[in-house]
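Here's a quick briefing on one protein model. Have a look at the sequence and the 3D view, then read on.

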Amino acid sequence: MRELMVRLSFTSHCLGSVRKHYRERGKVRHYYVLPRNRDEKVIFMPTWWATTVRRAAEILCKHHKEVEQIRFAMEVEGNPRPVPGQLYRRDFHNNKFSKHEAFYPGDVIGVTCVVPDAINDDDFQRLMTYAGKYCGMSPGHPNKFGFYVVESITPTMPRQS
């Protein structure tokens, strides 16, 4: 196993899913923020990542069993835009909408993970690329938002012989 830092650049909005309230013109309004831990760091659940890399393995037609051993850290490196000033407005039909805290296209986040040695660096790069292109990572509305490209994948520690 080796620990890697994956840097991702979003190509579509990555939306929050945790409901919050605020007052605007005397009315209580709702918006959704990205999930956070006690230290107020954005978190993405490891199970969300596991689902996307399983789908990516199906697309790659390789490493179906090995991807089950990949473990992602919960904390994400990166900060979304300030709330409530930079909320993303998701429109519905009939003039309805919801507001979300979001990572915007071009925002870069980092996530650490441990990857089994059976998955080489090139295949892991392809897995993460397929996951970003076809699945995305968005707590609010997965598979519709949060698409990304892989900026870099680097080891967190040098490999030992």
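Which residues touch the most other members of the largest nonpolar core? They are Phe44, Trp49, Phe124, Met128 and Tyr148, and the core has 30 residues. A nonpolar core here is a set of buried Ala, Val, Leu, Ile, Met, Phe, Trp, Tyr and Cys residues joined through side-chain atoms within 4.5 Å. Buried means under 20% relative accessible area, with exposed over 50% and partly exposed in between (1.4 Å probe, protein chains only).

**Before you dig in**
- This is a predicted model, where local features need pLDDT of at least 70 and side-chain atom pairs count only at pLDDT 80 or more, while totals for chains, interfaces and linings use all residues.
- Residues are numbered from 1 along each chain as its sequence is written, and side-chain values use heavy atoms, leaving out hydrogens and water.

**The overall picture**
- You'll find two helices and ten strands in the protein, in the order β-β-β-β-α-β-β-β-β-β-α-β from the N terminus.
- Both kinds of element are DSSP runs numbered from the N terminus: helices are H or I with at least four residues, and strands are E with at least two.
- The C-alpha atoms fill a box of roughly 65 × 35 × 25 Å along the principal axes.
- Out of 161 residues, 42% count as buried.

**Strand 9 and its partners**
- Strand 9 covers residues 108-115, and six of its eight residues are buried.
- Strand 1 (residues 2-10) runs antiparallel to strand 9, with eight bridges joining them; two strands pair if DSSP finds at least two bridges between them.
- On that pairing, Leu8 stands opposite Ile109.
- Strand 5 (residues 71-72) is also antiparallel to strand 9, joined by two bridges, and Phe72 has Cys113 as its bridge partner.

- Apart from it lies another core, of five residues, including Tyr88, Ala102, Tyr104 and Phe145.
- Leaving aside neighbours within four places in sequence, Phe124 is in contact (heavy atoms within 4.5 Å) with Leu4, Val6, Ile70, Cys113, Val115, Ile119 and Ile153.
- In soluble globular proteins, nonpolar side chains tend to be buried together.
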